[in-house]
Amino acid sequence: MTQPANPQTAHGGGRVARASFRLLCRPAHVAVIVFVLAAALAAGLIGRQEQYRLREERALVSNLVAERAYAIQTSVDRVLSATYALAAMVRQGRGEIPEFALTAGQLLRFYPGAATLQLAPGGMVHQVAPLQGNEKALGYDLFNDPQRRGEAALARDTRQLVLAGPFNLFHGGLAAAGYLPVFLNDGDDDEAFWGFVIVGVAFPEVLTPARLGDLADRGYAYELSRRSPDVAEKQVISASSADALVDPVERALTVPNAVWTLSVAPIGGWSDLSDLVWKSAIGLLFSLSLAWQAAWQARLIAAANAQERKLELRAAQRSADLQRFAEVTAHHLQEPARRVASYAGRLRALLSGRVDDTEAQQSLDFISQQAARLQELLHDVELYLAADQPRGELEACRVDTVLSAVVAEFTERVDLSGAVLSVASLPDALIDSPRLGELFRIALDNALRHGRSERTLCIDIDGEQRGACVRYRVSDNGPGVEEQYRERVFRVFERLSSSSDGTGVGLAILRRVAESAGGRAWLDEAPGGGCCVLIELPFAGSPSSRPRTEQPS
Amino acid sequence: MKPLAPRLRLLIVEDEPGDSRLLQFAIVRNGFAADVREACDGYEALRYLRKESPHWAAEARPDLILLDLKMPGQSGLDFLAAIKQDESLRKIPVVVVTTSLLEADVRAAYQLGAAGYVQKPADLREFIAAVRILCEYWFQLVCLPPRSDD
Amino acid sequence: MTTPAQPFVILLVEDEMADAHLVKLALTENQIPAVVEHVLDGREALEYLRRQTARFAEAVRPDLILLDLNMPRLDGREFLAAVKQDAALQAIPVVALSTSAVERDIVGAYRLGAAGYITKPVDVADFITEIRQLTQYWMSLVRLPKHR
């Protein structure tokens with residue numbers, strides 16, 4: 001609508017209600033509401049998906065960690081198991097292993113994670129293989145080293161293999177060693193502590209089977225650490241970087257005398273930031289587009305509503321205009337029609353006795369007749385137009401009272417036509433009594449006028465309540481109305497035969513009254529083949545059927 | 001013009017019962033039919049019209065009021081003024097039927113909205129003739145406000 | 001009661017010459033010695049009653065007004081309301097003449113102060129009877145205020 005709204009429509013009744021409706025439907029509000037809802041939905045979805053992904057990822061990492069931790073444990077156990085072979089040899093050789101260097105050299109080939117094999121009778125390293133590069137170890141007294149004394153004693157006292165270390169070496173790197181105490185028995189039951197068989201654990205070779213480097217390649221940071229009884233703080237054995245891991249998946253692995261922990265977390269944390277950004281962006285876009293669409297729809301609906309209101313108003317105005325026009329026309333046409341009739345009559349009076357011309361008389365008769373007919377038609381138009389206006393207070397009509405009054409009016413006509421009229425007791429309708437009477441008057445007139453046949457005319461008035469309605473029937477046993485004409489007879493001035501008198505507006509008025517009172521009217525075939533006028537009106541007994549018009553308090 | 005004079009409802013406001021009877025007699029004598037209610041003064045008439053007693057609740061309002069001006073209590077002119085100021089009653093025509101003839105009363109009656117001022121002739125024949133004209137006018141000639149819109 | 005010196009004056013407010021002619025015809029047929037002053041609409045009628053224009057400078061105050069309700073310019077209803085609100089004019093009885101027998105029109109006229117409501121019949125003879133009854137009532141029966 002390009003032109004400004006008609007001020008009359010903008011400031012018409014129901015302004016407050018309309019304004020609040022408009023506020024509700026304002027596109028901006030709708031857009032914001034829809035956006036918030038859509039964004040909340042998207043956020044919820046993304047959040048759930050992220051949670052699910054995280055759980056999946058942790059499960060995956062957990063599997064990975066378990067596998068690698070197992071590999072480490074196996075590898076360490078395997079390295080340490082070298083001591084058992086050596087210890088067996090010591091026991092066999094009663095403390096001596098002939099050609100130790102050669103034997104140990106061969107043994108070392110089977111244990112890739114073992115760096116050295118040593119014999120330390122009484123805790124003092126006596127022999128070491130390979131000797132080259134490890135000469136410094138010779139003569140090293142475990143019980144005298146404050147760092148290793150505890151573990152050495154533990155191994156001796158518990159008679160268990162003990163893993164000492166790993167320790168950080170002065171010249172870099174790590175060193176760990178497995179101490180297996182060896183006891184020899186000298187013929188009697190007592191076994192005497194002989195010393196230790198030691199395996200030097202090679203770092204990082206012992207960790208090779210765990211392929212920790214591969215983890216880093218796959219985007220995970222790892223850390224292998226240990227807590228030992230004599231070392232309070234965590235000692236990092238191997239790590240992908242110095243940074244602390246974020247919420248890692250941890251797996252403990254047990255080595256002699258210590259618990260090691262393998263921790264793995266994705267590099268850069270668990271949350272996939274770029275993925276999240278993407279998803280959020282899509283969610284936002286989705287919400288925005290929905291909001292935009294909603295706003296658009298709201299605007300369309302608002303426009304449609306405005307248009308509808310405008311059309312309704314225009315239709316109401318046009319209908320009122322038309323009604324007024326018709327009333328005025330009917331009224332104004334009445335006047336000249338009456339004058340024509342008046343002066344035709346006057347002329348006849350003047351001419352009577354003076355002019356003996358039958359044609360002139362006849363012409364005057366036609367003028368009078370036609371003027372009278374025109375008046376009759378106009379009068380009926382007025383009646384038709386007025387038929388939708390209540391002619392008294394809306395009330396629960398005592399239909400029996402109204403009907404008996406109407407029947408009384410018809411007594412003479414009924415008697416004259418020799419008809420038999422039977423009236424049943426009827427349920428009450430919600431309509432003003434003058435128009436209820438009019439309904440029966442028209443239906444009775446219709447039956448008396450058109451129900452004539454060679455038989456005695458029987459007119460039955462009955463009816464019943466049907467839910468929120470009452471239905472009245474006025475039926476006759478006359479010739480009836482063919483089905484194809486049953487709608488047509490409700491049109492204004494529709495007559496089925498030119499011979500019958502009357503203008504043919506009666507049934508149109510009947511329908512207009514019934515419809516304006518919230519009911520309807522139609523024709524059907526009576527059981528005996530005659531015509532049946534059916535009138536349906538709101539039932540007076542049910543409160544829901546009361547129209548929304550003003551009720552007298 | 002109506003072929004048959006309808007039966008009207010009349011309210012005669014008259015303090016003298018004999019005069020009221022005479023009026024009714026004259027109406028019947030002229031061939032008209034009316035349902036007559038009588039009130040002895042303007043006060044009672046107004047109470048009747050306003051249905052101030054449950055006894056009158058079901059009564060239809062009169063089509064025409066015939067009013068004597070000289071009455072005890074509320075004067076006829078006060079009653080006329082009261083009716084013509086009452087939104088629901090002012091449409092009912094009031095004809096003054098009285099014996100006295102004071103020019104001031106005549107003017108006042110018309111100014112207050114009377115639809116006629118009739119001096120009762122003393123002679124019975126003249127009286128009946130006067131009532132005939134009155135009845136022809138109100139019973140036959142004019143259209144009165146229908147009662148259905150009450 | 002009219003005397004020859006003071007003829008009964010009817011102000012006929014009627015826009016239609018044909019109808020005004022019928023009224024005059026009916027008065028003549030009944031041999032009623034009333035003077036008919038005919039004006040064509042409500043505005044002209046008020047000008048007449050108030051002697052507002054030179055044309056109506058000598059206008060005689062009517063004893064009765066016969067008013068057609070449907071007229072151009074000032075409508076019959078508006079004219080009736082104006083007369084009944086004018087203290088100088090309200091004592092003049094006004095009888096409405098109309099083709100319409102619609103309840104709303106009848107009630108409206110009486111509420112505005114009409115002293116009668118007459119429908120114009122088709123038959124001239126009926127109309128003559130009507131005018132006879134009308135003039136009998138207003139000219140013979142009732143007393144009207146003296147004003148001259």
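**Sheets, helix pairs and chain contacts in a predicted model**

In chain C, five strands make an open sheet in the order 2-1-3-4-5, with parallel pairing. Here two strands count as paired if DSSP finds at least two bridges between them, while strands (E, at least two residues) and helices (H or I, at least four residues) are DSSP runs numbered from the N terminus. The model is a predicted one, with local features needing pLDDT of at least 70, side-chain atom pairs counted only at pLDDT 80 or more, and totals for chains, interfaces and linings drawn from all residues. Residues are numbered from 1 along each chain as its sequence is written, and chains are lettered from A and ligands numbered from 1 in the order in which they are written.

The edges of the chain C sheet are strand 2 (34–39) and strand 5 (117–119), each of which pairs on one side only. On average, and ignoring direction, neighbouring strands of this sheet are turned by 25° against each other; axes are lines fitted to C-alpha atoms, for helices over the stretch in contact, and angles run from 0 to 180 degrees between N-to-C directions. Inside the sheet, strand 3 (residues 64–68) of chain C pairs with strand 4 (residues 94–98) of chain C in the parallel sense over four bridges. There, Leu67(C) has Ala96(C) in strand 4 of chain C as its bridge partner.

Helices sit on this sheet too. Helix 1 of chain C packs on it, touching strand 1 (8–13), strand 2 and strand 3 of chain C, and the direction of helix 1 makes about 175° with that of strand 2 of chain C. A contact between two residues requires that their C-beta atoms, placed from the backbone, lie within 7 Å. Helix 3 (residues 76–85) of chain C lies across strand 1, strand 3 and strand 4 of chain C, and runs at about 155° to strand 3 of chain C.

Helix 1 of chain C also has a helical partner: helix 5 (residues 124–141) of chain C packs against it at an angle of about 70°, with the axes 9 Å apart. Helix 1 and helix 5 of chain C are therefore roughly perpendicular to each other, on a scale where angles under 35 degrees count as roughly parallel, over 145 as roughly antiparallel, 65 to 115 as roughly perpendicular and the rest as oblique. Their crossing is right-handed; that label applies if the near helix is turned clockwise from the far one by less than a right angle, and left-handed if anticlockwise. Leu22(C), Val23(C), Ala26(C), Leu27(C) and Glu29(C) of helix 1 meet Val124(C), Phe127(C), Ile128(C) and Ile131(C) of helix 5. By class, the residues of this contact are eight nonpolar, no polar and one charged, with Ala, Val, Leu, Ile, Met, Phe, Trp, Tyr, Cys and Pro taken as nonpolar, Asp, Glu, Lys and Arg as charged, and the others, Gly among them, as polar.

Over in chain A, helix 10 (residues 399–417) and helix 11 (residues 433–450) have axes that come within 9 Å and cross at roughly 25°. These two helices of chain A are therefore roughly parallel to each other, and helix 10 of chain A passes helix 11 of chain A in a right-handed crossing. The helix 10 side of the contact includes Val402(A), Phe410(A) and Arg413(A), and the helix 11 side includes Leu436(A), Phe440(A) and Arg441(A).

Strand 11 (residues 458–466) and strand 12 (residues 469–476) of chain A run antiparallel, joined by eight bridges. They form a hairpin with two residues between them, and Gly467(A) in the turn has a positive phi of about 65°. Across the pair, Gln465(A) has Val470(A) as its bridge partner, and Glu464(A) stands opposite Arg471(A). Strand 12 of chain A is also joined to strand 14 (residues 531–538) of chain A by seven bridges, again antiparallel, with Val474(A) opposite Val533(A).

As for the chain contacts, the one between chains B and C takes 28 residues from chain B and 29 residues from chain C. On the chain B side, helix 5 of chain B supplies the largest share, seven residues. That side divides into 17 nonpolar, five polar and six charged residues.
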